[in-house]
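Trainee: Please take me through one part of this model closely. I would like one connected answer.

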Amino acid sequence: MVAPPDNDVLWARSLHCSYSGAPALAGVSLGVREGEILAVCGARGSGKTTLLRTLSGQLVAEQGEVWFNSAPVHTMSAAARERLRRDRFGWISPEPTLVPELTAWENAALPLLLRGISHRAAKATAVEWLERLDIGAHARTRPYALSQAQRQRVATARALATTPSVLFADEPTATLHQTDRAHVLRTITAAARSHRITVILATHDAEVAGLADRSITLVDGRRVAAAPVITEAEGRAACSLSV
Amino acid sequence: MLALRLARGSHPLVLLRRLTVAAASAGVGFLLLSAMAHALAHPGESSASLLRLLWCAVPLAATVHLAVAVARTDPGTRPRPGLSAIGLGPARLTAIAATTTALSTALGSMVALLVFLHLRGDLTGLPFDDGAGRLLAAGVPLPVGAALTLLAVVPVVSSAAAALTLRPRRVRPGGETDPDRPAEPASAPTGLPWGVALIAAGLTAEVYTTPEATAAGGAASAPPLMLPGHFDGSPAGVLAGWTLTALGLALTGPGLTYRCGRLLQGVRPGPTRLLAGRILMEDARRIGRPLGVVCAVAAGGVAAWSLYAAGPRPFGPLTALGAALVVICTTATLFTAALESRTTRAGTAECLLEQGAPAGLLRSAAGLRAAVLLTVFAPLTWTVAMLAAFPLRH
């Protein structure tokens with residue numbers, strides 16, 4: 001087992017994953033420095049979500065290693081990985097998954113409550129982050145009464161409220177309109193810069209990837225230098241003069 | 001036959017639930033046939049036979065309640081993308097639910113008929129032939145039409161009730177929301193005052209009618225309310241009182257559950273208390289209604305036991321069968337409702353696990369809910385049972 005480089009907060013070596021035989025990751029290696037915003041680009045089905053789930057310890061790779069702050073994540077027990085995710089990681093999924101029984105601020109405060117922080121302090125932090133995301137007016141509203149964009153903002157506030165070491169954002173703006181998209185992304189990047197949060201941002205959008213410090217590209221579960229760009233449609237006549 | 005094909009591939013637990021419905025249907029069918037046998041054996045006592053038949057309504061209601069709950073939780077009757085893709089919408093799914101219910105209850109009725117004929121001695125070659133010939137009017141020819149009519153009662157009523165409960169709701173244009181949005185929560189149940197009023201009215205009715213009943217009974221040894229095994233007559237006032245009390249308890253269930261949840265999540269809750277309370281408030285109707293029915297049955301059982309347990313022969317085999325049916329059906333309905341609640345919480349559980357919540361959190365929340373409900377409903381049931389039994393004691 002090779003010890004990872006010291007300056008990387010998260011480090012992975014030759015990750016292999018497959019879903020019932022179909023390979024999702026085939027030998028991906030990467031290192032993420034502290035406070036860095038890393039974009040993972042790729043089309044749908046290229047293994048972005050699997051990579052993020054593996055790095056965050058939700059999934060254990062069949063082969064390969066994941067190290068977080070010089071601790072091996074791939075050999076941890078399920079309970080230890082759960083604790084790691086609760087205490088050090090944040091997660092934003094493409095669809096806002098909120099607990100429908102709780103109000104917006106309770107949803108945002110839930111990770112803090114799970115860490116054992118007092119009710120009053122958790123509420124103050126959650127409301128502060130909701131206001132930063134322009135949704136403080138809806139703090140007492142339940143998810144069913146919020147629009148998709150508002151729910152995604154609550155999910156973002158929930159992920160940022162704990163100021164995690166690493167924030168995993170899996171296509172956080174996939175279901176949003178342009179204006180909401182810009183605002184949510186700006187909040188995530190601003191929070192990452194000011195609180196030195198490492199962000200791993202999965203996206204298929206080159207524009208979103210442009211906000212990151214560095215980006216890697218996945219194609220069919222492999223890391224490639226850059227995505228192949230298809231410039232012309234196959235089979236279409238390049239020149240129609242013959243007609 | 002799609003209903004059969006869907007049934008073949010379903011989970012063992014789902015099949016077990018349907019089997020419970022079939023067994024309950026068999027029990028009720030047997031009770032109905034026994035009432036008919038009583039009429040055959042005692043042509044002179046038509047009112048006693050009618051009373052027996054009417055007592056069958058209680059297990060029948062419990063069985064239909066269970067059948068509807070099972071049909072509601074049946075995964076085969078929920079809108080599914082796989083079936084919706086081939087054009088099987090809510091209307092056809094309702095038909096499938098009704099067919100599945102009819103199939104399992106008809107299976108039960110068939111078993112009931114076989115057991116009945118066997119115990120009468122009409123089918124020979126097995127142990128316990130003619131085991132209850134005297135009780136089931138052996139030797140008198142069986143009226144086939146009457147028997148089939150009685151056996152059809154459970155399948156017809158159950159599948160009609162299932163179809164009525166699961167009928168497709170009309171969706172207003174523009175009223176459809178996107179599927180990712182969580183469903184709007186139900187409003188707080190409002191039945192609590194009515195339930196309390198009914199319990200009070202029932203207990204009062206019982207107190208007012210009891211003295212006449214005891215006086216009419218004459219000797220102090222004769223209990224004023226007769227279980228169906230005895231034919232000395234049941235005073236209408238006491239029966240009405242008990243029915244009102246039971247109805248009141250069933251109505252109290254949702255409101256009381258909601259208030260339990262509200263209390264649980266109050267005053268700076270931690271994550272466990274917060275989740276347990278909110279889920280209880282959300283599930284007040286789904287859990288509260290069968291819980292109220294279970295409490296009503298338990299109260300009736302405790303009251304009857306405290307009155308008759310001391311007697312030499314408290315009840316006969318058919319009364320025992322009926323009581324067991326009611327208890328099992330209502331308890332099974334409660335468990336089915338709890339299971340349904342768990343299924344609808346799948347999204348919540350997934351969301352919590354994604355946030356790194358410990359796997360024990362939802363379990364401890366469920367335990368907390370069960371403990372709170374038990375501490376509230378058990379003393380209530382006991383008190384109501386004791387109050388209901390009190391005026392009948394000497």
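Mentor: B:Thr63 counts as buried because its relative accessibility is 0%; buried means under 20% relative accessible area, with a 1.4 Å probe and protein chains only. This is a predicted model, where local features need pLDDT of at least 70, side-chain atom pairs count only at pLDDT 80 or more, and totals for chains, interfaces and linings use all residues. Residues are numbered from 1 along each chain as its sequence is written, chains are lettered from A and ligands numbered from 1 in the order in which they are written, and side-chain values use heavy atoms, leaving out hydrogens and water.

B:Thr63 sits in helix α4 of chain B, residues 57-73. Helices here are DSSP runs (H or I, at least four residues), numbered from the N terminus. Leaving aside residues up to four places away in sequence, B:Thr63 touches B:Ala24, B:Ser25, B:Val28, B:Val154 and B:Cys329. Contact means heavy atoms within 4.5 Å.

Now the interface. Chain B puts 27 residues in contact with 29 residues of chain A. About 2,600 Å² is buried between the two chains, with 57% from carbon and sulfur atoms. That area is the accessible area (1.4 Å probe) lost on putting two parts together, summed over both. In chain B, the most area is lost by B:Arg278, B:Glu354 and B:Gln355, together 24% of what that side buries.

Three salt bridges are counted between the chains. Each needs a side-chain nitrogen of Lys or Arg within 4 Å of a carboxyl oxygen of Asp or Glu. A:Arg142 and B:Glu282 form a salt bridge at 2.9 Å, N to O.

Methods:
Helix = DSSP H or I, 4+ residues; strand = E, 2+ residues; numbered from the N terminus. Buried < 20%, exposed > 50% of the residue type's maximum accessible area, 1.4 Å probe, protein only.
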